[in-house]
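I opened this structure for a slow walk through it, and these are my notes.

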Amino acid sequence: MVLGHFCTGVAVVTGHDGKAPVGFACQSFAALSLDPPLVLFCPAKTSRTWAVLAESGRFAVNVLSEDQQDVSAVFGARGADKFASIDWTPAPSGSPLLTGALTWIDCALEAVHEAGDHYVVVGRVTALGEPSDARPLLFHRGRYTVTEPVTDDLAALMPWPRPDDWL
């Protein structure tokens, strides 16, 4: 209940096993380092999709936009071919890039650390997509939500570079 008060972005981590694309919805994604460029996500140890991604050594992170709740639901469920109703194109690594995503990050597997019933997976960024002007899909207190624009007065107080320090 307490951790549900922490708002998270919603992403879909995708890969390819040489035969078919795989992917899962992920709320535990974060930028880790700018130099070298690293990201992280935390799959459950029981995730069958993670096992495929680990074997391939490559993955893409698709940051979902506000109008992709249905995509999040598809990739958050177990079972059938998740890509049957989803348009995608291959990243430089071959991992699926979902049409309509806010942006994407293509990665090579850098490290995996055990952490309780999950893994902390570190990926080295190999390519970045162009960011969209759309708003991100967020999850807060058990439901989807979106951001609201911040006035320039408040934005001037933000400690990070604008508009983006990854590009």
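**Entry 1: charged pairs**

I started with E114 and found it in a salt bridge with K45, the closest N and O atoms being 2.8 Å apart. I count a salt bridge when a side-chain nitrogen of Lys or Arg is within 4 Å of a carboxyl oxygen of Asp or Glu. E114 sits in strand β9 (residues 103–115) and K45 in the loop between β5 (37–41) and α1, so this pair ties together parts that are 69 residues apart in sequence. My helices (H or I, at least four residues) and strands (E, at least two) are DSSP runs, numbered from the N terminus.

A note on where this comes from: the model is predicted, so I kept local features to pLDDT of at least 70 and side-chain atom pairs to pLDDT 80 or more, while totals for chains, interfaces and linings use all residues. Residues are numbered from 1 along each chain as its sequence is written, and side-chain values use heavy atoms, with hydrogens and water left out.

How many salt bridges does the whole structure hold? My search found 3.

Another one joins E66 and R135, with the closest N and O atoms 3.0 Å apart. E66 is in the loop between β6 and α2, and R135 is in the loop between β10 (118–128) and β11 (138–140), so the pair ties together parts that are 69 residues apart in sequence. E66 is partly exposed at 29%, and R135 is partly exposed at 26%.

I also noted E110 with R124, where the closest N and O atoms are 3.1 Å apart. Here strand β9 holds E110 and strand β10 holds R124, so the pair ties together parts that are 14 residues apart in sequence. E110 has a relative accessible area of 41% and is partly exposed; R124, at 31%, is partly exposed.

**Entry 2: strand β2 and its partners**

I then turned to β2 (residues 11–16), where 5 of the 6 residues are buried. I call two strands paired if DSSP finds at least two bridges between them. β2 pairs with β3 in the antiparallel sense over 6 bridges, and V13 stands opposite F24 in β3. The two strands form a hairpin with 4 residues between them, and G18 in the turn has a positive phi of about 95 degrees.

Which other strand did I find paired with β2? It is β6 (residues 58–63), antiparallel over 4 bridges, with A11 opposite V63.

**Entry 3: helix α2**

I looked up the buried residues of α2 and got V71, S72 and F75. They cover an arc of only 100 degrees around the axis, which puts them on the same side of α2. The arc is taken from the directions from the helix axis to the C-beta atoms. An α-helix has 3.6 residues a turn, so residues three or four places apart point the same way.

Methods
Buried < 20%, exposed > 50% of the residue type's maximum accessible area, 1.4 Å probe, protein only.
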